[in-house]
Amino acid sequence: MTLNRRTMIKSAATVAVATALPKAAMAAEIHDVVVVGGGLAGLNAALNLADTGARVVVLEAASRVGGRCFTADSVDGRPEYGASQIGASYARVLDVCRRFDVALAPGANINAPMCYVLDGKIVTGKAWASSALNKTVGAEREVLPQAMSGYFLRKNGHFSEPQDWLAADARKLDIPYRQWLQSVGASPAAIALINSGLVDPDVDRVSALALMHEHAYALSEMDSFGDKTLDRFEAYSRISQHVVKGTSRVPEAMAAHLGDAMRMNSPVRAIDMNNTGVTVTCTDGRVFKAGHVVMAIPFQSMRKIAITPALDGDIGKAVSSLSYQRQSQVFFHIKGTPYWEEDGLDASFWSDGPITLVRQQIGYQGERELVTTLAFGDKATNLDGLPPLERAEWVMAHISTLRPSMKGKLEPIAVQSWEEQPFVNGCRHSYMPGQITAFHEAMTVPHGRMVFAGEQVRRLAIGMEAAMESGEAAAVQIIEAV
Amino acid sequence: MKIIMFGVAAFLAMPAFAQMRTMSPGEKAWVQCRACHTLEKAAGHKIGPNLYGIVGQAAGTRAGFTYSPALKSSGLTWDRATLDRWIEKPSAVLKGHRMVFIGIADKDRRTALIDFLASKAP
C-alpha cells in the first residue's frame, strides 16, 4: 500500500507496532512542516511548501481563517474589521487572487472627506489653516491634522527605497518618534496633533524608523503607480483594490486549496524541539510531529505557548516584548435625512477626543450607509471598559454631542475591538524605539527547527503583502534547508 | 543557517520531505520570484513580465508589459553579469525601476538562479 498522509493517519497503530515508536507517537499526526497560524502569513507559507510536495498541516486556533483579514459577513453592509486595501505593489496578494479566482475591483477604503473637532469645536478643512483652534506653526498650518505625520515624513524622507530601512546606518533613526519630530522642527502643537491621531500607542512609544519604512513603501507605490495630481490619500485609495466579496475570501481561497492540510479550532499549547524534530501539542491534547515549524501568529499569542527549549537571546526578547496596536471600532448604519446635508459639513470627522475617527464610508456603488468610529491605543482600551452595547450607546451619545446633526441618525450594527479578538488580542505590531535594532534581524532567521512569519517579521512590504512576503520567506528558509 | 536535519528518519515513519520534488538550487531560489514572474514559454505577465528566454535579451522589451520609463529607456541587456548585479540589488543597477524586491545577497544562489533562468529558453 502506498504510504501517504491519509493512510499513515489511519494506520498509525500498525506503524507503531512495526517500528516500536513510543506510545505518544501512536496518536500523533506526522508531517514535514507544522504551520501555526492560519492568517495570510501561515497560509502563504503552507502554500509555498505544499507546492513543492512537502506535507504540511496548518493549525488555526479560531473557527475562521484570515487572522486580521476579517470580513464581518453577518453584519449588514459586510464591513471589514481588518485589512481591506490591496496596494498596487502587493504582488503576492494579487497573485493568489489571480490563482484562485478571487475577484478584485478598483478602489479601497474610500471615505467621505473630513472636518475636524478640537476642544469640542468643529472646524472645516478649508478653514483649518486660519483657525484659532489650529495651534501649529508656520507652514504646518496648511497641513490637515490627519496628514501632519505624513507631512514630516515626506519632507524629511530618508529612504530612496523601502528596503533602506534595514540598512545598518538606518538604525540611528530607531528613536522615539517624538524625538525625531523635534529634530526636524515640528512644533509642540504639531506633535500633539500627531500624537492624538496615532494608531501606535504614542509618539514616545513608537520608533521613527518603523513609521519611515511604512511611509517609504506607500510612497514607492505612489511613485510607481499613482496619479500625482490627486491628494495623496485619495490617490492611494484609487490605486489600491479591494476584494469584491470581502477580504476574508482571500485566506478562504488559500485554505480551500490547502484542503485537508487545514486544522481549525486547533490552538497550540506547547512546542517541543530536539535534534530529531518538532512536537506540537494542541490544547485538546492532539499531537503533531514534523521536521520544522513555522510560527505565523502574533508574538503576544506565542507568549502563551510553552516552547522548549525556551527561546532566548534576541529572538527571546522579540517574542517576549513585541507589542501590538489596539483598535476599537463601532459600526453604525446611517438613517434618516442625510446629516451632512443638514449641517453642510464634510460627512467624516477627525477628533482630538476619546474617539479619533468618525468615518463615513463611501461604498463602491457610491452608497453612503455606513459610519465607522475608531479609537486607538489607550483610547481604545478605555472605550473597551464598556461592554459592547453600552459602548455603542456611549459612542453614539458622544458623537451627537460633538456634532448635533448626527443625533438620532445612527443605528449601531456591530462592535469590534482587536484587543478583545480571541487568539489575536491586538491588531498590527508596533515597534517601540530600539526594538528594530535589538531584534528585527533575529526574527528573520531560522532558530533550529523554528522559523517566524507574520506581518511583524516584515522586510520590504507592509500590510497584507508583508504577511504574504513573510510566509514566502519562511517557506524558502525551510526549502533551502532540506 | 542553523537547521539541524540529522536523525529525523528515526522519528518519522518515512523519510522527511520524501514527497517533496527534487529541486535544483536555482529552482529553490525561483520560489522568491514566482509571485511576480512566470517562466514558462508563452505564460502571461504578472506584476512583472514573463521571463522565458530572458538571459541575453534587451531589457524592457517584452511585448504586452508596461515597464517603468526608467527600465524601458535603460539600454540594458540582461547578460549574466547584469542579471547578477540586478538580482543582488536592482537599484544598484537602475534608479526609478518598479521591481519591489529585497535582493539575493548570496552569490552562489544568484548564480544558481541565473542558471535556472538560462535553462528556460528556446
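Author: Five strands of chain A make up an open sheet in the order S1-S11-S10-S9-S13, with mixed pairing. Strands here are DSSP runs of E with at least two residues, numbered from the N terminus, and two of them pair if DSSP finds at least two bridges between them. The edges of the sheet are S1 (29-30) and S13 of chain A, each of which pairs on one side only.

The model is predicted: local features need pLDDT of at least 70, side-chain atom pairs count only at pLDDT 80 or more, and totals for chains, interfaces and linings use all residues. Residues are numbered from 1 along each chain as its sequence is written, while chains are lettered from A and ligands numbered from 1 in the order in which they are written.

Strand S9 (residues 268-274) of chain A runs antiparallel to strand S10 (residues 277-282) of chain A, and six bridges join them. Two residues lie between S9(A) and S10(A), which form a hairpin. Along this pairing, A:Val268 stands opposite A:Cys282 of S10(A), and A:Asp272 has A:Thr279 in S10(A) as its bridge partner.

S9(A) also pairs with strand S13 (residues 306-308) of chain A; these two run parallel and are joined by three bridges. Here A:Ala270 is found opposite A:Ala306 in S13(A). In a regular strand, side chains alternate between the two faces of the sheet.

Conventions
Helices (H or I, at least four residues) and strands (E, at least two) are DSSP runs, numbered from the N terminus.
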